[in-house]
Amino acid sequence: MEKIPMTAGGQKALEDELRTLKSVERPAVIRAIAEAREHGDLSENAEYHAARERQSFIEGRIAELEDILSRCDVIDVSKLSGKVVRFGASVTIVDEDTDDEVTYQIVGPHEASLEQGRISIGSPLAKALIGKTEGDTVEVAAPGGSKSYELLKVVFA
């Protein structure tokens, strides 16, 4: 079984989601199924079928989260330092064509979120940045063509 790199924050978020699914969502859907059964004929009961579908989703997500958490390899980013990009680093890059500057943290695949400035270690940009140092330029294959970025800053926080 392949280990999944993850930050402590990512692990906590998945554990919180799992706890909510088991203690809130699962009991709620069980009550909804019981209530829908009381309405009689199940073959034409849309509430029953919707509740069963929701239950299937919840049980599948619980199994998925338990699998991910059993294989996660938590990396304490606060103990990392240096100027070489690796897992957990927050990197500030500038697009050499547009001069747009952006900062991303390189995290595991299950905690990546562009809206929150976190990219997966498996993404093309992160793969290009790994092993680089401040001042280096990286080329990344993008759907619209190759993009060039300069690495301005590497921070481990």
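Analyst: Patches are built from residues with over 30% relative accessible area and no salt bridge, joining like charges within 9 Å and nonpolar side chains (Val, Leu, Ile, Met, Phe, Trp, Tyr) within 5 Å. A salt bridge puts a side-chain nitrogen of Lys or Arg within 4 Å of a carboxyl oxygen of Asp or Glu. Lys and Arg count as positive, Asp and Glu as negative, with His and chain ends not counted; each charge is placed at NZ of Lys, CZ of Arg, CG of Asp or CD of Glu. Areas are Shrake-Rupley values with a 1.4 Å probe, and for residues only the protein chains shown count as cover.

This is a predicted model, in which local features need pLDDT of at least 70 and side-chain atom pairs pLDDT 80 or more, while totals for chains, interfaces and linings use all residues. Numbering starts from 1 along each chain as its sequence is written, and side-chain values use heavy atoms, leaving out hydrogens and water.

Now to the spot itself: Glu-96, Asp-97, Asp-99, Asp-100 and Glu-139 form a negative surface patch. Glu-96 sits in the loop between β3 (90-95) and β4 (101-107); helices (H or I, at least four residues) and strands (E, at least two) are DSSP runs numbered from the N terminus. With 36% relative accessibility, Glu-96 counts as partly exposed, on a scale where buried is under 20%, exposed is over 50% and partly exposed lies in between (1.4 Å probe, protein chains only).

Asp-99 is found in the loop between β3 and β4 as well. Asp-99 counts as exposed because its relative accessible area is 61%. Its phi is positive, near 65°, in a residue other than glycine.

β3 and β4 are antiparallel and share five bridges; strands pair if DSSP finds at least two bridges between them. Along this pair, Val-94 faces Glu-101 of β4.

β4 pairs with strand β5 (residues 118-120) in the parallel sense, over three bridges, and Ile-106 stands opposite Ile-119 in β5.

One more hairpin is worth a visit. Strands β6 (residues 137-142) and β7 (residues 145-155) run antiparallel, joined by six bridges. Two residues link β6 to β7 in this hairpin, and Ala-141 has Ser-146 of β7 as its bridge partner.
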